[in-house]
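Me: I'd like to go through a protein model step by step, with plain answers. Can we start once it's on the screen?

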Amino acid sequence: MRSLKFGRLAAFALSALFLAGAAVPAADELQIGQPAPDFSTVDSQGQMRHLADYRGKVVVLEWTNADCPFTRKHYASGNMQGLQSLAREHGVVWLSVISSAPGKQGYVDGPAADQLSKTRHAVPSAVLLDPSGSVGRLYHAKTTPHMYVIDAQGELRYMGGIDSIATPDVADIPKAEPYLKEAMLAVVDNQPVAHPVTRPYGCGVKY
């Protein structure tokens with residue numbers, strides 16, 4: 001009887017240990033309040049961009065795919081361009097990242113990326129080309145759009161959706177809570193972010 005009781009206790013302890021371990025983030029998992037992973041990649045103009053070069057400025061990372069209906073929702077409505085303009089007004093660096101692999105939906109080269117910015121009247125600080133998907137995987141970018149805000153000290157302060165209504169319907173934009181806008185302005189003002197982690201929505205990144 002004692003051995004049976006001991007066996008049950010041991011099994012319970014091991015189970016508890018497993019569950020506790022499962023709650024511990026993986027070593028490469030992004031954490032709010034921790035340094036954002038540094039990266040280097042070429043932009044649409046052929047210039048090498050390093051995240052570390054923007055230390056001292058707030059940075060927004062936007063994963064994008066022009067062929068994704070969820071991305072089109074925010075560009076066709078002017079919502080994304082409005083956020084980019086607001087970022088510029090507040091001295092925020094806005095980096096649009098294209099992680100679609102060659103041959104996959106949303107892949108473009110530098111000239112095509114610049115043409116997209118022109119025709120959509122987009123005003124990011126730069127469009128970063130990530131055809132290998134290395135930057136996207138570094139940030140665990142799952143969807144287009146998937147948004148991140150990094151503060152002037154280089155710490156990750158927000159990651160998740162652009163807003164709270166996960167549809168491709170333009171009519172939902174005014175009804176949604178603007179998570180990215182709120183987070184960006186809070187970080188600019190050195191205030192806590194109300195929703196530092198939210199669920200991203202959109203098309204899966206085409207690695």
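Me: What pLDDT does the protein average?

Reply: This is a predicted model, where local features need pLDDT of at least 70, side-chain atom pairs count only at pLDDT 80 or more, and totals for chains, interfaces and linings use all residues. Residues are numbered from 1 along each chain as its sequence is written, and side-chain values use heavy atoms, with hydrogens and water left out. pLDDT is the predictor's confidence in each residue, from 0 to 100. Here 86% of the residues score at least 70, and the protein averages 90.

Me: In which helix is confidence lowest?

Reply: Helices (H or I, at least four residues) and strands (E, at least two) are DSSP runs, numbered from the N terminus. Strand E3 (residues 59–63) has the highest confidence, at 99. Over residues 1–27 the pLDDT is below 50, and beyond near neighbours in sequence this stretch has one contact (heavy atoms within 4.5 Å) in the model. The lowest confidence, a mean of 36, is in helix H1 (residues 2–23).

Me: How many salt bridges does the count come to?

Reply: A salt bridge is a side-chain nitrogen of Lys or Arg within 4 Å of a carboxyl oxygen of Asp or Glu. Asp43 pairs with Arg49 at 2.8 Å, N to O, and Arg157 pairs with Asp151 at 3.6 Å between the closest N and O atoms. Asp172 and Lys175 also meet, at 3.1 Å. By this rule the count is three.

Me: Which residues of helix H3 are buried?

Reply: Helix H3 covers residues 79–89. Among the elements covering its buried residues are E3, helix H4 (110–120) and helix H6 (179–188). The buried residues of H3 are Met80, Gln81, Leu83, Gln84, Leu86 and Ala87.

Me: What volume does the largest pocket have?

Reply: On a 1 Å grid over the protein atoms alone, a cavity is a set of points where a 1.4 Å probe fits but cannot get out, and a pocket is an open set with protein on both sides within 12 Å along at least five of seven lines; lining residues have an atom within 4 Å of a point. The lining of the largest pocket includes Glu29, Tyr139, His146 and Met159, with two or more residues each from strand E7 (146–150) and strand E8 (156–160). Grid points are joined across faces, edges and corners, and a volume is the space filled by probe spheres set on the points. For the largest pocket that gives about 190 Å³.

Me: Which element gives the largest share of the lining of the largest cavity?

Reply: The count is one cavity of 30 Å³ or more, and the largest cavity has a volume of about 90 Å³. It is lined by 15 residues, with Thr64, Ile98, Leu116, Arg120 and Val127 nearest its centre. E4 and H4 each supply at least two residues. The largest share, four residues, comes from H4.

Definitions and conventions: Buried < 20%, exposed > 50% of the residue type's maximum accessible area, 1.4 Å probe, protein only.
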